[in-house]
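Please read them with the structure open beside you.

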Amino acid sequence: MFIKRYTASTMTEATDQIRREMGLDAVIVSSRTDRAPGIRGWLGQKVFEVVAALDESENRDRPIEHRSKDMNYRSGDQLADIESQLSQIQDLLSKTMSFGQFTRSHTNQRLQKLADRWLETAISSTLFERFMREYVANIDSFSNHSIVSAAREFTHSVLTKAGPGRPILSTDRVVALIGPTGVGKTTTIAKLAAHALIHDERRVGLLTLDTYRVGAVAQLKTYADILNIPFAVAGTPLEARSAFHSLEACDLILVDTTGRSFFDRSQVSELKEILGTIPVNLTYLVLSLTLRRVEASSISHLLNEIGYDALLFTKNDEAIMPTLALSMLDELRKPLSYIGTGQEVPGHLRPADPDWLCDLMAGGELLA
Ligand SMILES: Nc1nc2c(ncn2[C@@H]2O[C@H](COP(=O)(O)OP(=O)(O)O)[C@@H](O)[C@H]2O)c(=O)[nH]1
Ligand SMILES: [Mg+2]
């Protein structure tokens, strides 16, 4: 065992020295900070004292550059990486601060309230930055009217980039709703079914793959009974195939799925497998507008494994603003399908309506 003590003014410098002299297999035995002699420990420069050891029996015959890379302490490269990440975080923080100061430096109350609301709800930093840079910065004279117009134009641009609304079309035969628990998938299926039955006079059937939650089957069956339409249940891929065939006479089959914790990847795979047995031609990812952006975003990315064509948001009536919709449409670049506006079936469902969303995002009465 070869042991050596190093002193340097930073930890990075010390580990770099160790790496150079002892190679990547060296391990840090101890480290401490000290002060170089000064006045009672004050004013002296901070120094790092690091003791490193190398087991020579394992490394004797191998040149330093060929030795294993799994050092027991962070290498200089890793530290440099961490330093660069820290500087990115600092940069982001200072940007956010300056936007806060930017809005505060303008006396317009409306802009101040709007910025606060967007930041308190689920606006992503990318979107907020774009709004301030491309819309607010170009306003000639600040007035309530100019702020509302900027917010509306900005919302419109995000919706346009996400693509035109994607409702259920007459050519869609099998439509599945996926998403986390409790977001309103089953309730929305009932709303969509009633709408297709009453307004479009389609032969609608309901299929639920949700045999996991107690009461889930009964919940959808109750809606099927009220609407007097066929209903089927399947808990396995095999059952799903035959349940689907039992609905052959229908020209629109709405498929309800289990909402599970998709942070468990095996549950995503299970859902993918069972959905794979049915010829689904349109999948909506359902998200509640009351979700936090970080969870909505993580789940949306996990569900990419299954794939979805458009986003459907629920619980607009419980959200201060549909900010989450804007952030997710921008992040995922998928079109919007519908927005749920309450618990009432079938009334509380609106197809994508840019004008209405622009009004909501501009704050309306809320900020007056
Ligand atoms: N306020 C409000 N509640 C909703 C909306 N959509 C669904 N819900 C309620 O959310 C709860 C969960 O709905 P459910 O359809 O069972 O969710 P699922 O687990 O995704 O199938 C129920 O109490 C619904 O009435 C909506 O747009 N607004
Ligand atoms: Mg359900």
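1. What is the mean pLDDT of the chain, and what percentage of its residues reach 70 or more? The mean pLDDT is 86, and 82% of the residues reach 70 or more, where pLDDT is the predictor's confidence in each residue, from 0 to 100. This is a predicted model, in which local features need pLDDT of at least 70 and side-chain atom pairs count only at pLDDT 80 or more, while totals for chains, interfaces and linings use all residues. Residues are numbered from 1 along each chain as its sequence is written, and chains are lettered from A and ligands numbered from 1 in the order in which they are written.

2. Over residues 38-43 the pLDDT stays under 50, and the model has three contacts beyond four places in sequence for them, two residues being in contact if their C-beta atoms, placed from the backbone, lie within 7 Å. Over residues 63-73 the pLDDT is likewise below 50, and this stretch has 17 contacts in the model beyond near neighbours in sequence.

3. On the overall architecture, the chain has 13 helices and 11 strands; these are DSSP runs numbered from the N terminus, helices being H or I of at least four residues and strands E of at least two. Of the 368 residues in the chain, 34% are buried, a residue being buried if 20 or more other C-beta atoms lie within 10 Å of its own, exposed if 12 or fewer, and partly exposed in between, with C-beta atoms placed from the backbone. Among contacts between residues at least 6 apart in sequence, 77% join residues at least 24 apart.

4. Helix α4 (residues 109-120) has 12 residues and reaches 16 Å from its first C-alpha to its last, close to the 16 Å expected at 1.5 Å a residue; the expected span is 1.5 Å times one less than the number of residues. Its buried residues are Arg110, Leu111, Leu114, Ala115 and Trp118. They line one face of the helix because, seen down the axis of α4, they fall within an arc of 130 degrees, the arc being that of the directions from the helix axis to the C-beta atoms. Gln109 and Glu120 are exposed on the other side of α4.

5. Helix α8 (residues 216-227) also has 12 residues and reaches 17 Å from its first C-alpha to its last, close to the 16 Å expected. Ala216, Leu220, Tyr223 and Ala224 are the buried residues of α8. They cover an arc of only 100 degrees around the axis and so lie on the same side of α8. These buried residues pack against α7 (185-198), β5 (204-208), β6 (231-233) and β7 (252-256), whereas the face turned away from them carries the exposed residues Ala218, Asp225 and Ile226.

6. Glu201, in the loop between α7 and β5, has a positive phi of about 50 degrees and is not a glycine either; Glu201 is exposed, with 8 other C-beta atoms within 10 Å. A cis peptide bond, with omega about 0 degrees, joins Val345 and Pro346, and Pro346 is placed in the loop between β10 (336-340) and β11 (349-351).

7. Around ligand 1 there are 17 residues, of which Gly184, Lys185, Thr186, Thr187 and Gly340 come nearest; a residue is near a molecule or strand if its C-beta atom, placed from the backbone, lies within 6 Å of it. Helix α7 gives the most to this shell, with three residues. By class, the shell divides into one nonpolar, 12 polar and four charged residues, where Ala, Val, Leu, Ile, Met, Phe, Trp, Tyr, Cys and Pro count as nonpolar, Asp, Glu, Lys and Arg as charged, and the others, Gly among them, as polar.

8. In helix α13 (residues 354-362), Leu357, Leu360, Met361 and Ala362 are buried, and the buried residues of α13 pack against α6 (144-162) and α12 (323-332). Just after α13, Gly363 takes a positive phi of about 100 degrees.
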